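Subject: A structure for you to look at

Dear colleague,

I am passing on the structure that we spoke about, and below it I have written out what was found. Please keep the model open beside you as you read.

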Amino acid sequence: MNTIFQYIKANYKPVLITLAIGLLVGWAIAPSGSGNAQADAHEGHQHEEETVWTCSMHPQIKQNEPGLCPICAMDLIPLAGMQSAENADPNEVVMTEAAAKLAEVETSVVQLGKPVKEVYLQGKIHVDERRIAELTARYGGRIEQLNINFTGQNVRKGQKLATIYSPDLVSAQRELIEAFAVRESNPSLYMASKSKLQAWDLTDEQIAAIEKSGEPQVYFDILSPISGTVMMRHVALGDYVKQGMPLFKVADLTKVWALFDAYETDLPWVKQGDKVSFTLEALPGETFAARVTYVDPIIDAKTRVAKVRVEVANSNLQLKPEMFANAVLEARLSNEDVMVIPKSAVLWTGKRAVVYTKVPERETPTFLFREITLGPDAGDNYIVKEGLSVGEEIATNGVFKIDASAQLMGLKSMMNAPETHNKNKASFTVAGNCDMCKERIEKAAMTVFGVVSAEWSADAQEARVVFDPEHTNADAIQKAIAQVGHDTEKYKADDAVYETLHSCCLYERLDKQAVTKSSAKQSSQTKHAMVKVAGNCGMCQERIEEAALSVEGVTMAKWDKDTKMLHLNYGGKATVDAVEKAIAAVGHDTEHHKADDSVYGKLPGCCHYDRIGEPAIKEMPAVQSKHAMVKVAGNCGMCQERIEEAALSVEGVTTAKWDKDTKMLHLNYSGKATVDAVEKAIATVGHDTEHHKADDEVYDNLHGCCQYERF
């Protein structure tokens, strides 16, 4: 080492020059290495730019770099895993798992159930109207003795209430005595005199006593016809009364009525036989149980309630008329399963009911806006009439937060769902048979982006759609329907898809050359009839419709178990008589053909309907009533009542039934009646028809809920 130091000390200048040269070489090389590092860094920066960052609470925020959400100032997170499928609906609301958790989103599967609701009612105790006796004077006279001194006094049946002196009764007794003396020679005079006294409520014992004594009685007792309480005393001692004047009102209070007020929204749940438990303020701690025996068919115009009546035993008379009562009625809408969803799943807009359905097969929580039609309120649930299917998953908690996200992203939501004005409407022929077909057709139409509503009628074989012309057209909608197996005016379904349909959906295929855009022309080629067919249940319906469809030429058969009417569409060689024979052959009585007793006896127990009587079975009349279908505008039940009454006012019209869904009026008529006369009568009361428009002034006077969209 000493030698090295000595060498450096002796030769320090060359060493310094060598170090300087080395530093210069290193500096020259450094830029190249630095450039590579910068390039690597730049490449890494570009990789980061490819990552999209979003907010877990506001998915509409998307940035190329991390940071804070400009709305809520939360840290942005990578969008990884939030991309939807390629065929996703553009209205899908996509959320991250973190966003769903923060929003406390919960879901449940739509199921069938038997909804039970507790209906709370208020009312009063009333006298049983069937247990009231009003005593009137059978003959004129003077009250000589009064045994009832005050209202509310209890009396027994046959108890003396008062004593009356009547000159007319004395004269009638003398006539009886004289007629009794000549009863053998003039029996008719005797019987007439005796009948007169019997009509004045004299008993046979009293009449026999008069005949035996030979002298008329001056005073007669008024007896109570029932045991009960005197509710009203109309006379006092010494009063003169005329024939027919009221004397006493007696009521039996051992059984009373409890009359409760039921509002319109509660009436669907209230029916005869429902169990009611109620309490009285006058008897705290005691509960009474009874069953509904009557529901008033008329709603009070002022109070807007209908009376619900229960009958209660009151042997100890502790229930007194006019006592206030509070009741709870446990009700079921029906014994059949219906679709129910929690109330928390529904958003109300005033006009629409909205839910959010969860989109299956998505990596992250994804929801779609859906408008539905609700039935009656069922306690903590709503009954769903249209818009959902069993098995679908819907949001039941955090729904408003999902809707808020949709609003911020400009998607369909509670507040900005597309309205039907400024939208195009179209109708076209779509072949199908049943409710399953209806659901499939309407669902296929609604999958087309831009379609606002879709409705298909099995009777008319017609689909009506409302759509946004900026996003779709009727041609695209028909294509979507044909893809699920249903022939339309312009497109025929693929045979392989058609054959996979359920057996009840295998409709009569549309011939491309026979399909026309004019449903009116099609209906003119197809006959329609309604036939009365006896039956009970769903099994009966399936059996009846299959038998009808087995007749060549029958294109549609739909039986209503409530009205017992079978709606038929048929053509070619088919006849109504042939259809009735086919139905009778499988065990169901019709208007003109009775089923064989042995076939009827083999039906399942639930199908044993009330047989149509022998007098109802008659030969098919040579001249049948005509049938027609007329398009009539309207909205609600009030419209239906008004339209049907107007149609039935035309002489010759036998039946008129209007369907508010299809807007079609089914008519049966004969004689001088014409369809044109019916349409004129309907237009007169304010409803547009196919060929007659209602007067604007009459239309303006309709109820608010009846203000339909004018033709």
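What share of the contacts in the chain with a separation of 6 or more comes from residues 24 or more positions apart? The share is 63%, and please bear in mind from the start that this is a predicted model. The chain has 711 residues, of which buried residues make up 39%, and its secondary structure comes to 17 helices and 35 strands.

Ala-325 lies in strand E20, which covers residues 324-332, and Leu-121 is 204 residues away from Ala-325 in sequence, although their C-alpha atoms are 8.5 Å apart in space. If neighbours within four places in sequence are set aside, Ala-325 is in contact with Leu-121, Gln-122 and Gly-123, and also with Phe-260, Phe-278, Thr-279 and Leu-280. Is Ala-325 buried or exposed? Ala-325 counts as buried because its relative accessibility is 2%, and the cut-off for buried is under 20%.

Helix H4 runs over residues 167-181, which is 15 residues, and from its first C-alpha to its last it reaches 22 Å, close to the 21 Å expected at 1.5 Å a residue. The buried residues of H4 are Leu-169, Val-170, Ala-172, Gln-173, Leu-176 and Ala-179.

On the H5 side the contact is made by Tyr-190, Lys-194, Leu-197 and Gln-198, and on the H6 side by Asp-204, Ile-207 and Glu-211. Sorted by class, the residues of this contact are three nonpolar, one polar and three charged.

A second pair of helices can be read in the same way. Helix H12 (residues 538-549) and helix H13 (residues 576-585) have axes that come within 8 Å and cross at roughly 135°, so that H12 is oblique to H13. The crossing of H12 and H13 is right-handed. Here Ile-544, Ala-547 and Ala-548 of H12 meet Val-579, Ala-582 and Ile-583 of H13. How do the residues of the contact of H12 with H13 divide by class? There are six nonpolar residues in the contact of H12 with H13, with no polar and no charged ones.

Finally, please look at two residues in loops. Glu-104, which is not a glycine, has a positive phi of about 55°, and its place is in the loop between helix H3 (97-102) and strand E5 (106-109). Lys-564, which is not a glycine either, has a positive phi of about 60° and is found in the loop between strand E31 (554-560) and strand E32 (565-570). With a relative accessible area of 24%, Lys-564 is partly exposed.

Notes:
Residues are numbered from 1 along each chain as its sequence is written. This is a predicted model: local features need pLDDT of at least 70, side-chain atom pairs count only at pLDDT 80 or more; totals for chains, interfaces and linings use all residues. Side-chain values use heavy atoms; hydrogens and water are left out. Axes are lines fitted to C-alpha atoms, for helices over the stretch in contact, and angles run from 0 to 180 degrees between N-to-C directions. Helices (H or I, at least four residues) and strands (E, at least two) are DSSP runs, numbered from the N terminus. Angles under 35 degrees count as roughly parallel, over 145 as roughly antiparallel, 65 to 115 as roughly perpendicular and the rest as oblique. A crossing is left-handed if the near helix is turned anticlockwise from the far one by less than a right angle, and right-handed if clockwise. Contact means heavy atoms within 4.5 Å. Ala, Val, Leu, Ile, Met, Phe, Trp, Tyr, Cys and Pro count as nonpolar, Asp, Glu, Lys and Arg as charged, and the others, Gly among them, as polar. The expected span of a helix is 1.5 Å times one less than its number of residues. Buried means under 20% relative accessible area, exposed over 50%, partly exposed in between (1.4 Å probe, protein chains only).
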